[in-house]
Amino acid sequence: MTFADHPLQTPPRAPSPVHKFGTLAVHAGSPHDPVTGAVIEAISLSTTFAQTRVGQPVGEYEYSRSSNPNRDNFERAIAALEHARYALAFSSGSATTANILQSLAAGSHVVSVSDVYGGTHRYFTKVAKTHDVQVTFTPTMEIDIAELIRPETKLIWIESPSNPTLSLVDIRKVATIAHQHGILVVVDNTFLSPYIQNPLDHGADIVVHSVTKYINGHSDVVMGAAAFNSSEVYDKLSFLQNALGAVPSAFDCWLAHRGLKTLHLRAREASKNATEIAHALEASPHVIAVNYPGLASHKHHAVALKQHRDGMGGGMLSFRIRGGHEAAERFCQETKIFTLAESLGGVESLVEVPSAMTHGGIPREQREAAGVWDDLVRVSCGIEDAEDLTKDVLQALEKAVVVPKIKNGVAKGNGHVEA
Ligand SMILES: *Cc1c(COP(=O)(O)O)cnc(C)c1O
């Protein structure tokens, strides 16, 4: 649904692209009910809408798979926050990816960053090929993109930051080359949310989200979204959205829209917490390396400064713990505030071991080539208090790394343990 040119898009204190993020988050796609004055939209559960004559619905709706008031409103809000003309909502982030890949003709070729979301990797390697769409992965997109482009290359897939190693891609650099060949650039912006990064402003053609994560933000909705400016892309993807039917429910749209209204507050807090934790991890003798784009030591920190709001690093980080896979698992069991669970972007903090959980399906050599070692721990920082979170991380590190060594009798008399 388009944000700008829709007749019903104007709520009483009309937000427009001149407004700042928080104002848009609260007001975009949130009209007062014209009949009751309700400030919060009703949940429109009706699957069908009355027609006065054949082919002439009372309003703009006919059937809820094709469009629904709550979905429309949510899509308007997403379009506003991603600086896009159009947005479409899907039943999951994965359905969003599937719809985009399905829009490619048989025989098409895609170039993707290597360490994509596990489910995206699965779709690219196991499902796309059944439609005769081939995907080439590269860990160094900016360097080799020109060489990887073939005559049949139609799409470039970027995750920045990538999952779970938090590598960044210079979107503008890749888009400039892609556009010389008429290739569309997709950026999965799930890890940062539209508050911290707007890929379309850096030359991307389509931005996608697992709304399940930061946008909904409360770990109680599975949903996805795509936003873009091209009416051609809109025609293709909205046709498929209806034809494939991978649409979110009215209730989920309503919930995700409620979550989105506080995205700026949550994203700021999560980013602040992640920064503090990243510094504590970096200073710890029990940690081999920290991947966090907000750290000056991050290999792509310059890209963060260029692409992210105020150079923020976001709420996600990962780190390699000393003591191998066992220590990584123990760490995740020893945290008291962080819950051991997959997923991310909720108000509550989570930890997981990608090699055994989210990325377990990727063959070891490929996984390790992308930096997903057995000792890697991924952390999703929630919006609890930074001091509590940092203390929790430090105590869990002690228990995961130091205590087992003492038990194994390698501790020295002074309590210091060789790392
Ligand atoms: C979770 C996730 C997805 C998939 O989204 P679902 O809503 O779980 O289908 C895609 N990309 C990234 C980066 C994710 O974190």
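Ser-92 caps the N-terminal end of helix α3, with a side-chain oxygen 3.3 Å from the backbone nitrogen of Ser-94; a polar contact is a pair of N or O atoms within 3.5 Å, and within protein one must be able to donate a hydrogen and the other to accept it. The model is predicted: local features need pLDDT of at least 70 and side-chain atom pairs pLDDT 80 or more, while totals for chains, interfaces and linings use all residues. Residues are numbered from 1 along each chain as its sequence is written, and side-chain values use heavy atoms, without hydrogens and water.

Helix α3 spans residues 93–102 and is largely enclosed by the rest of the structure, because eight of its 10 residues are buried (under 20% relative accessible area, 1.4 Å probe, protein chains only). Among them are Gly-93, Thr-96 and Ile-100.

A backbone N or O atom of Gly-93 lies 2.9 Å from an oxygen atom of the ligand. For Ser-94, a side-chain N or O atom is 2.7 Å from a ligand oxygen. Taken alone, the ligand exposes 380 Å², of which the protein buries 92%.

Elsewhere, Ile-43 belongs to the loop between α1 (21–27) and β1 (51–53). At 33% relative accessibility, Ile-43 counts as partly exposed, a class that lies between the buried limit and the exposed one of over 50%.

How values were computed. Helix = DSSP H or I, 4+ residues; strand = E, 2+ residues; numbered from the N terminus. Areas by Shrake-Rupley, 256 points an atom, 1.4 Å probe, with all protein chains shown as cover.
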